[in-house]
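I opened this entry to note what I looked up, beginning with the overall fold and ending with the nonpolar cores.

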Amino acid sequence: GAGMKPRRTLSFYFRKYSAKLIKTPFLLLPGSLKHKSLQWLRTTRIWKSLGSSEYNELSETMRQTFVKTVTEFLEPCLAGIEQDILLIWGRNDEATPLYQGERIEKGLKKGALVVLDHAGHYAFLDQPERFKAIVRAFYQQ
């Protein structure tokens, strides 16, 4: 579901704008003081409570990459994809929920969505034999 804008909760927006508000004064500081202050801020309990655990564990460079990756929405590009696309989705995927896979399938000209029951975000690990059988069948057509 990368590239699909997820449904956001009120809690998400509260955390997002709280973090921006807390960070703003630090951004006004000069050069190295700003950098050191932001490093300190990221170690505080309040800051960690506002961000995801994935985000909090990343280095500064990787944080920037992570933010750019998870905020780039490519849904408008789907109609331009001409190739046959097989989407394999875990029904219990909480990181990229099934509705995102359904939106991708709907946006593709030649897309097919296969949903694996009892599988999550890593459906290929949760159901490896079924995953392999589906992929083999797709490539043998």
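**Notebook: fold, surface and cores**

I began with burial in this predicted model, and found that buried residues account for 25% of the 141 residues in the protein.

I then listed the secondary structure, which comes to eight helices and two strands, and wrote down their order from the N terminus as α-α-α-α-α-β-α-β-α-α. I checked the radius of gyration next: at 20 Å it is well over the 14 Å that the globule rule gives for 141 residues, so the protein is more spread out than a compact globule. For the extents, I read that the C-alpha trace spans about 60 × 30 × 30 Å along its principal axes.

I looked up the contacts as well, and of those with a separation of 6 or more, 58% are between residues 24 or more positions apart.

Which residues make up the largest nonpolar core? I recorded eight residues in all, namely Met4, Leu78, Leu87, Trp89, Leu98, Ile104, Leu108 and Leu113. To place them on the fold, I noted that β1 (85-90) and α6 (98-107) each supply at least two residues of this core. I then found a second, separate core of seven residues, with Ala19, Phe26, Leu50 and Tyr55 among them.

Notes
Residues numbered from 1 in each chain as written. Predicted model: local features only at pLDDT ≥ 70, side-chain atom pairs only at ≥ 80, totals over all residues. Heavy atoms only, no water. Helix = DSSP H or I, 4+ residues; strand = E, 2+ residues; numbered from the N terminus. Rg over C-alpha atoms; globule rule 2.2 N^0.38 Å. Buried < 20%, exposed > 50% of the residue type's maximum accessible area, 1.4 Å probe, protein only. Contact = heavy atoms within 4.5 Å. Core = buried A, V, L, I, M, F, W, Y, C linked by side-chain atoms within 4.5 Å.
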